[in-house]
Each structure stands twice: as C-alpha cells, then as structure tokens.
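Please look at the sequence and the structure before reading on.

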Amino acid sequence: MQHRQEIDRHRSVVVELPLGDGDGDGGCATFDLEKAVCSHGLFMMAPNRWDSLSKTLERPLHLSENINDDDHEQSVLVQINQPSDSPHSLLLRVFGTASLSTIHQRSLLGQVRRMVRLSVEENKRVKQFQEICGEAKDRGLGRVFRSPTLFEDMVKCMLLCNCQWSRTLSMAEALCELQLELNCPSSAASFPDPDNQNQLKGVTFKSEHFTPRTPAGKESRKRAGAYGCSRKLLERLTEVEEIIDIGKPGVTVTPAFSVGEEVLKKSNLCRDTTEVCDVGTSAPFNLDPSEDRKLSSFNQLGNFPSPKELASLDESFLAKRCGLGYRAGRIIKLAKGIVEGSIQLKELEEACSNPSLSDYDKMAEQLREIDGFGPFTCANVLMCLGYYHVIPTDSETIRHLKQVHARTSTIQNVQRDVENIYGKYAPFQFLAYWSEVWHFYEERFGKLSEMPHSEYKLITAANMRRKRNGKCKKLKITSAEKLGV
C-alpha cells in the first residue's frame with residue numbers, strides 16, 4: 001500500500017529569486033539550474049526530484065530554517081525552475097497555498113540558495129575555479145549541489161558509507177517515507193503495544209515480513225541481519241494472524257514504538273495553510289487544469305526528517321523501518337545532540353561561511369567528535385560546507401584513478417595520489433576531481449540530468465567498465481594556471 005499525500009496543484013504561489021547581473025556577484029549571469037542541480041549524486045537522493053523534460057527541481061521544503069520553530073516541522077512542496085525567457089531569475093512555485101508570509105518566503109529562498117550555492121562567496125569561488133580549469137568553464141561546472149539544510153547533508157553523507165549506491169538511494173527514500181508516516185498518522189497503521197500483554201493476547205506478528213528491500217551493503221558481513229525491512233510501515237507491522245477486536249472493553253490500539261507526541265503531530269503536509277501575512281514579492285498562481293501534470297513522487301514521500309522527528313525514535317525501529325543498520329543509532333544520536341543543543345549546526349555553518357584552509361583541521365576535529373563521523377564522512381560534510389581542497393577518498397576514488405589515470409592506488413596511499421594529481425588546482429582540488437569524475441559518469445551513462453529516475457541505481461562500480469571506443473579525458477591546465485593565477 002502506498003501512502004499518498006494529495007497536493008493541491010491548482011493553488012500555488014510563485015516567489016522570484018533574482019540571480020544578479022553577473023558584474024558584482026562573481027558571474028551569476030552564467031548560472032544554469034540544470035548544471036547546478038545535476039552536479040552530484042545528492043540530487044538523485046529523495047526527496048529531490050529532477051524533471052528532465054521541464055528542467056525543474058521539485059521537493060518539499062521546511063517553512064522555517066530554524067529547527068526550534070514550530071514552522072520547521074511544517075513542509076510545503078516547492079518546484080524550482082529557471083525560465084528560458086527570464087534566465088536571470090529562479091522561480092519557486094509553492095503548492096498548496098494561495099499566499100506566503102514574508103518570513104516563510106525568506107526561509108524558502110534561503111534553502112534554495114543553499115542547495116545551488118547562490119552566495120557572493122560561492123560565486124567568486126566558481127569564477128576562480130573556472131579561471132584555473134578552462135574545461136570546467138566550458139562545461140559550466142563549479143557548483144556542487146547540496147541539501148537545503150546541513151542536517152540533511154550530514155545524514156546523507158553517513159548514508160554514503162560502506163554500501164552500494166543503490167542502497168544509499170533506498171535508505172534516503174525510506175527516511176522520507178517515514179517522515180510522511182510520522183506526520184500523517186492517518187496514513188499509517190496503529191500498532192499494539194508489546195509491553196501491554198492484554199493487547200497482545202491472540203496476536204502473533206509474522207517475522208518473515210521483516211525482509212530487506214534495500215540491497216545488502218558491505219556491513220552485512222559485520223552485522224548480518226542488523227538492517228533490512230519493508231519500506232512500508234503498514235505492510236511490515238500490521239501483518240497479523242489474528243485481528244484485534246478493538247470493540248472489546250479495555251482494549252486500545254497504540255503505537256508499538258515510542259516516538260513522542262510532538263513527532264506525531266500532523267504537519268502542514270496534512271492540512272491547508274490558513275495563517276498568512278503579507279505576500280511581499282510573491283504572487284498567487286493558478287494552474288490551468290490542462291497544464292496540470294501528474295502528481296510527482298512527493299505523493300509517496302514526505303520531506304527529509306528533521307532532527308526533532310528522528311530524536312525520539314526507537315533505534316531498533318528506525319534501523320528496521322529504513323534499512324539503516326548500524327547507522328540508525330548514529331543518526332538518532334546526531335538528532336538528539338542537535339535538539340538538546342550540544343551540537344550547534346547554525347554556529348558550525350556560520351563558521352564555514354567563508355572557508356579558510358587554516359580552519360579546516362579545527363572544523364574536522366569538531367565533526368570527528370560526533371559518533372559515526374570518520375575521515376570520509378567528515379571530508380564530505382566539509383565539502384558541502386565549501387572546503388574544496390580536500391578530496392573525500394574511498395573505493396570509488398581508487399577505481400577512478402585506475403581507469404582514468406592508470407594509477408594503482410590503495411586505501412592507504414590514495415590520498416597521496418589524489419594530491420599528486422589534483423594538487424595543481426589548489427584550493428579547488430575537489431572541484432577538479434569531481435568535474436572529472438562526473439564527466440566520466442556521463443561518458444558511461446549519458447547525460448545524468450536526462451537519466452530516468454529508475455536508472456539512478458545503476459551507477460555502480462560494476463557498471464563503470466569503460467566503453468570500447470570511449471575514454472575519459474583528464475582536465476587540461478589553462479594558460480592562467482601555468483602563469484600561477
């Protein structure tokens with residue numbers, strides 16, 4: 001059974017996000033939404049949804065960026081596009097409401113800016129990198145897509161570790177499905193309380209329904225059976241051999257797992273938006289029924305869970321529900337640390353607003369104090385924060401160096417090898433490396449922005465074997481680099 005959340009696409013608001021003229025902002029005049037979004041595997045992970053035909057990004061966003069605000073638990077479906085007749089602006093179409101408060105507009109615009117890295121500092125770095133790497137400029141590369149919040153980036157970087165890409169995609173999707181189930185309890189089932197023997201009389205759960213639907217990752221050899229369940233809460237937890245007679249006196253059906261009342265409140269996904277302020281720069285937009293497209297995958301998915309929504313979950317439940325395995329405990333610890341205030345994401349992000357190479361080790365040390373944040377995860381998170389001089393290395397890096405640079409690296413020396421190859425692009429080693437990797441992917445699979453969603457899972461090492469007549473070119477050094485610019 002699919003849990004569907006109906007979105008009113010005939011009632012929406014359009015908010016404009018100007019990109020600037022490119023003179024004083026580091027080159028926004030050349031900004032391309034398709035290239036900015038389809039630049040990293042994060043764009044393929046739920047709840048992001050790229051439409052290759054309309055060249056739009058669609059996903060839910062929180063109405064507030066502040067996790068302490070009640071509005072943070074409320075989400076709206078947003079569609080982002082760059083009109084061909086007005087390329088110097090992005091248009092955000094917010095569905096399900098006829099107006100937005102100024103505060104909510106600012107919050108949504110801020111999240112979009114973060115995803116596609118629209119800031120004066122980021123624009124300058126794109127320009128500087130493209131001056132060093134001519135091919136990146138020719139291909140419009142230099143921006144790396146990320147999530148609307150640092151928390152989402154951190155969790156997704158954890159999902160990248162020790163498993164195949166197909167499973168990473170599945171875990172992200174399951175987390176978004178869970179978010180919808182938690183916020184719309186009417187779409188999920190109620191479950192007997194295992195601690196209440198009166199409720200469990202005559203009831204037997206069929207354990208065989210707890211079967212993995214996510215591909216087994218590498219850690220299966222470490223903790224066999226620690227993860228893996230059906231994606232749908234209803235299918236997994238309500239298969240009973242006998243039906244509870246809820247009409248009997250004293251019998252009450254309650255959730256089997258303690259998630260906290262606050263987490264189970266219905267969010268804005270489940271009700272109409274009624275409280276609004278000044279519209280500001282937004283304008284009502286009514287869809288022509290003839291132009292109304294088929295509802296997107298957001299009808300089956302929720303937003304990415306917030307720290308509050310995850311902090312109260314039972315570890316065993318989360319591990320089984322979303323196929324997270326050992327990651328479940330680490331994600332819950334991260335969420336609790338944020339909710340309780342011991343982990344200050346806002347301070348961390350502000351400290352990285354203008355990344356300095358001298359601050360990298362300090363930032364990495366802070367992240368390493370978080371359970372589950374090893375070198376690879378830390379390097380990925382710091383890349384999301386704008387530190388481009390360190391390349392997160394793993395088996396995919398080793399494969400790439402072997403196929404493109406004829407280097408036989410090991411996990412022990414791969415960091416040295418990438419520095420030898422990409423050090424000339426400092427302080428943008430990662431951007432040079434990733435531009436090369438992305439180009440390799442597109443030579444193998446075709447333009448990734450046009451890849452069907454069902455094929456995202458095919459981007460695996462086993463499918464990376466070079467085509468007979470195809471080669472991946474190394475990035476060329478421009479004259480500017482030779483002059484030491």
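**Basis of the values**

The model is predicted: local features need pLDDT of at least 70, side-chain atom pairs count only at pLDDT 80 or more, and totals for chains, interfaces and linings use all residues. Residues are numbered from 1 along each chain as its sequence is written, and side-chain values use heavy atoms, with hydrogens and water left out.

**The whole chain**

The protein chain has 18 helices and six strands; these are DSSP runs numbered from the N terminus, with helices (H or I) of at least four residues and strands (E) of at least two. Of the 485 residues, 54% are buried. Buried means under 20% relative accessible area, exposed means over 50%, and partly exposed lies in between (1.4 Å probe, protein chains only). Contact means heavy atoms within 4.5 Å. Among contacts between residues at least 6 apart in sequence, 74% join residues at least 24 apart.

**Helix α15**

Eight of the 11 residues of α15 are buried, and the helix is mostly covered. The buried residues include L401, Q403 and V404. They pack against α16 (414-422) and α17.

At the start of α15, a side-chain oxygen of D394 comes to within 3.1 Å of the backbone nitrogen of E396. Just after the helix, A406 has a positive phi of about 55 degrees.

How do α15 and α17 pack? Helix α15 (residues 395-405) and helix α17 (residues 429-445) meet at an angle of about 75 degrees, and their axes are 11 Å apart. The axes are lines fitted to C-alpha atoms over the stretch in contact, and angles run from 0 to 180 degrees between N-to-C directions. The two helices are therefore roughly perpendicular to each other, a label that covers 65 to 115 degrees (under 35 is roughly parallel, over 145 roughly antiparallel, and the rest oblique).

On the α15 side, the contact is made by E396, T397, R399, H400, Q403, V404 and H405. On the α17 side, Y433, E436, V437, F440 and Y441 take part. The residues of this contact divide into five nonpolar, four polar and three charged. Ala, Val, Leu, Ile, Met, Phe, Trp, Tyr, Cys and Pro count as nonpolar, Asp, Glu, Lys and Arg as charged, and the others, Gly among them, as polar.

**Salt bridges**

The structure holds 16 salt bridges. A salt bridge is a side-chain nitrogen of Lys or Arg within 4 Å of a carboxyl oxygen of Asp or Glu.

| Pair | Closest N and O atoms |
|---|---|
| E177 and R321 | 3.5 Å |
| E396 and R399 | 2.6 Å |
| D417 and R416 | 3.3 Å |

E177 lies in helix α6 (residues 165-183) and R321 in helix α10 (residues 315-322), so this pair ties together parts that are 144 residues apart in sequence. E177 counts as buried because its relative accessibility is 3%. R321 also counts as buried, at 0%.

E396 and R399 are three residues apart in helix α15, and are therefore separated by about one helical turn. An α-helix has 3.6 residues a turn, so residues three or four places apart point the same way. Both E396 and R399 are buried.

D417 is buried, at 5% relative accessibility, whereas R416 is exposed, at 51%.

Elsewhere, R117, E121, E122 and R125 are linked in a network of salt bridges.

Technical notes:
A polar contact is a pair of N or O atoms within 3.5 Å; within protein, one must be able to donate a hydrogen and the other to accept it, and residues adjacent in sequence count only if both atoms are side-chain atoms.
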